[in-house]
Amino acid sequence: MKSIKRMFILLVAVSLLSVSYAVLADGTFTFATAKDATNTDALRGDDHASGMMHYLMYDQLVAFNPQTFEPAPEIASAWSWSEDGKILTMNLVEGVTFHNGEDLTASDVVFSFERILDPENASPQRGNYAWLISIDALDDYTVQFTLEYPFVAALEFISLVMIVPEETIQEIGQEAFELHPIGSGPFKFVEWIKGERYVLERNDDYWMKTPLIERVVMRPIPELSVQALELETGGIDMVYEMAPTDYLRLQSSDDVTTMSADGFSYTYFSFNLSRSPMNDARFRQAVVYALDLDGATSALFPGGTASRAYGQLPKQSWANADEYLQGKVTLSQDLDKARDLRSELIEDGVIDEDQVFTIWTPTDDVRTSLGTILATAMQQVGFRVEVKPTEWGTYIPVLLRQGNPEGEWDIMILSYTGLFDPDYTLYKVWHSSHAFPGTNSNLHMYMNEDVDALLDQARRAGDQVVRRALYQEAQEIALSSYSVVPVYIARVMQATTNRVHDFILDPRSFIGLCNQWTNVWLDE
Amino acid sequence: MAGYIIRRCLQSLLVLVAVTVLIFGILKLAPGNAAQVMAGLSATPEDLAAIEHRMGLDRPVHVQYWKFITGLFSGTLKPATFPDSMIGLVGRKLLASVELGFVAIVAAVLLSIPAGIIAAVYRNTVWDYGISVLSLAGISIPVFWIALMLMVVFGGWLKWLPISGRGDLRFGLSILTADGWRHILIPAMSLTLIQMAMNARLTRSCLLEVLQLDYIKTARSKGLREIVVILKHAFRNALLPVVTNVGLTAGMVFAGAILTETVTAWPGIGRLVYQAIVQRDEPLLFGLTVIIALFYQVTYLGVDLLYGYLNPTIVYD
């Protein structure tokens, strides 16, 4: 009798522990993010996690096909350019409504752009729209953009602007709007609790089609390995970034579907050209000769989860010139040359024998390891090096030379995510108009008139073939300075549970759950 | 007694003021400012100036400080990376941390004190060695590793427990639902192991010390049973350092175990601190630090008062 009782207690205990914990197994799509969002409205910032949710809540005028990267109509049903390429006229789809039932018309579109341009609003995105003089509503369903100069990447920048309801924001104010954001996209805002969950629900009146997923939940889980475990056990449905080791492990899992594509983000290291000896080409070459970047890439990314970058453009880009640059610019490891250059610099009094150089990196594992690899290679040829992994909140001000126009750093490691059009990436990184302490993206302070001229010309040239040649030449000149050295392009590695269907990987890591290309659905 | 409490409260207030000045100073001395992080790497100088202006960063430091202080206590200070009020957010996270800390500490006390007593009473036996080895392991293994291993074993292989998060929050707390309990177990266990290790060792060594004292000999020679000697006479006096240790760590755990909460995605104060640092949310970081300091003060006051109860020879004057 006693043993039966004991058995019973044991059974209860085991069943209590093993109750299925698929709490949200219904129509809810849960995905994990390492960094939480910072806002609900794109006006206030464009970090990736927030951007993913904006992408589901709001519509844009133009969308980009995640596989071909061609612009496609969305709220703008059609558009045309003027002869001189300075006027862009767009017709809007009629009958689109916001989540509160108001109609989406041209005045909302104008408002959505103008609030970014308005200096009063202090939008971090404002700098991206310097080419835009004005936007006007010609009638309820037609808008006209007036450009400063013919700008080929305009459509892509236009695709980044989320259309918000003018009347609502005017009525309740920006702060109240951010608490209850309203868009016209496939999902409606439900709640966001920082650090816990960001919840959206299906917009049954979505103009394009009815989403098949009922709810979307973004859950912040800081550790990527914990995210992968959650995915394996069905606690979440999707992860949009993975460590290579987790990706390779999950490839053989029966419960999970993995997918990957070349990413849009390249990782590089660069030299602070404002100070000696970094402004001496011999020093930069000595460092590059000391490195085996192929080896570093395959060590950091086993199983081919990243490829070497020779230029700065995505592999998918029509302007990618990696093959050409690999032959013309890229240096392969040559320790003797590195040592010779170092001795030459010491003889000329450019560097001291025991001068210590600093390599700054963000704190994530991969880039910290890259920093260590660089340091070890430099030590191998005699340099003394210190690696400084730095929290993001401090790293950006350091890179921007806050309070120290010459900059505290000697060498730094960074990843750069461009748009599909090459203009955005190359102009910001190389053009001298972006080189000044405080705020810039030409962080290394590279200034070259020829490169400036080529980039300006390419920005205004309409023809893709002409632009391709210009960008190739600009990259060849700029990269030959070895002030920026591209290292790798990591693959975008994602995975879903097997109950997720029709998911299309977007190399920009946006999660398109219901758009013109797909409508993701879940098994019961 | 009342005088003592009032004096302690005044002291705490002074400490808090010092903490706010110190924290604000550190925030301002760190390179750069929050506007730069928000603006990212592509804003123009005019845009940056506009963002700084909107965030009030272009005003003199003492004005900014005063705005933070008055904002914090009037409830108008808002996080830079969250549209809703700071009080609601922090309150919610505090509850999560206290809940986790409470479960972990209660479990640690319930397990470690008997373990420490056993180790002391059966000194130099297998029991003692076993408990010592476990304690050493608990102290030396990093908490995030323990948490990860528990996840792999109980979540990944055995599939008994969910990996992360707080689970069913229907009643506001995880410990009020079965699903919530299943979620709290892994983070609580990893915290418990460390607490337990320290407490068990402390209990053992303090008890051993007390057992050498004359009054214990007296008690034994009176013919009292050994269990009465240990639990009634020795244990109570050996308990003081243990209470101190529990109190100190309780302050730490209640105010957010940053590592454990980050690894297990337990949405408590510690995680929020980590997020605020990474996103450089100065108002939030300021508010959090002040609240954490307040928490420490309250816990220490509680520990001090508990002393008096445990050892009536301590007089508050």
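Student: Which helices are included in what covers the buried residues of helix 16 of chain A?

Tutor: Happy to start there, with the reminder that this is a predicted model. Helix 16 of chain A spans residues 449–460, and its buried residues are Val451(A), Leu454(A), Leu455(A), Ala458(A) and Arg459(A). The cover over these buried residues includes helix 15 (422–430) and helix 17 (464–479) of chain A.

Student: Within what arc do the buried residues of helix 16 of chain A fall, seen down its axis?

Tutor: Take the buried set again, Val451(A), Leu454(A), Leu455(A), Ala458(A) and Arg459(A). Seen down the axis of helix 16 of chain A, these buried residues line one face of the helix, because they fall within an arc of 135 degrees.

Student: How many residues of helix 9 of chain B are buried?

Tutor: Good one to look at next. Helix 9 of chain B covers residues 214–221 and is followed by Gly223(B), whose phi is positive, near 95 degrees. The helix has 8 residues and is hardly covered, with a buried count of 0.

Student: Why is strand 17 of chain A described as largely enclosed by the rest of the structure?

Tutor: Burial needs 20 or more other C-beta atoms within 10 Å of a residue's own. Strand 17 of chain A runs over residues 484–497, and it counts as largely enclosed because its buried residues number 14 of the 14.

Student: Over how many bridges does strand 12 of chain A pair with strand 17 of chain A?

Tutor: Let's go through the partners of strand 17 of chain A. Strand 11 (residues 238–239) of chain A is joined to it by 2 bridges and runs antiparallel, with Met238(A) opposite Thr496(A). Strand 13 (residues 306–308) of chain A is also antiparallel to strand 17 of chain A, over 3 bridges, and there Ala306(A) has Ala490(A) as its bridge partner. For strand 12 (residues 256–271) of chain A, where Phe269(A) stands opposite Val485(A), the antiparallel pairing with strand 17 of chain A has 12 bridges.

Student: Which residue in the turn between strand 4 and strand 5 of chain A has a positive phi?

Tutor: Strand 4 (residues 76–81) and strand 5 (residues 87–92) of chain A run antiparallel and are joined by 5 bridges, with Trp81(A) opposite Leu88(A). The two strands form a hairpin with 5 residues between them, and the turn residue with a positive phi, about 70 degrees, is Gly85(A).

Student: Which helix gives the most to the side of chain A that touches chain B?

Tutor: The contact takes 46 residues from chain A and 53 residues from chain B. Elements giving two or more residues on the chain A side include helix 1 (2–18), strand 10 (215–220) and helix 14 (392–399) of chain A. By class, that side has 18 nonpolar, 17 polar and 11 charged residues. With 6 residues, the element that gives the most is helix 14 of chain A.

Definitions and conventions
Residues are numbered from 1 along each chain as its sequence is written. Chains are lettered from A and ligands numbered from 1 in the order in which they are written. This is a predicted model: local features need pLDDT of at least 70, side-chain atom pairs count only at pLDDT 80 or more; totals for chains, interfaces and linings use all residues. Two strands pair if DSSP finds at least two bridges between them. Helices (H or I, at least four residues) and strands (E, at least two) are DSSP runs, numbered from the N terminus. Two residues are in contact if their C-beta atoms, placed from the backbone, lie within 7 Å. Ala, Val, Leu, Ile, Met, Phe, Trp, Tyr, Cys and Pro count as nonpolar, Asp, Glu, Lys and Arg as charged, and the others, Gly among them, as polar. The expected span of a helix is 1.5 Å times one less than its number of residues. A residue is buried if 20 or more other C-beta atoms lie within 10 Å of its own, exposed if 12 or fewer, and partly exposed in between; C-beta atoms are placed from the backbone. The arc is that of the directions from the helix axis to the C-beta atoms.
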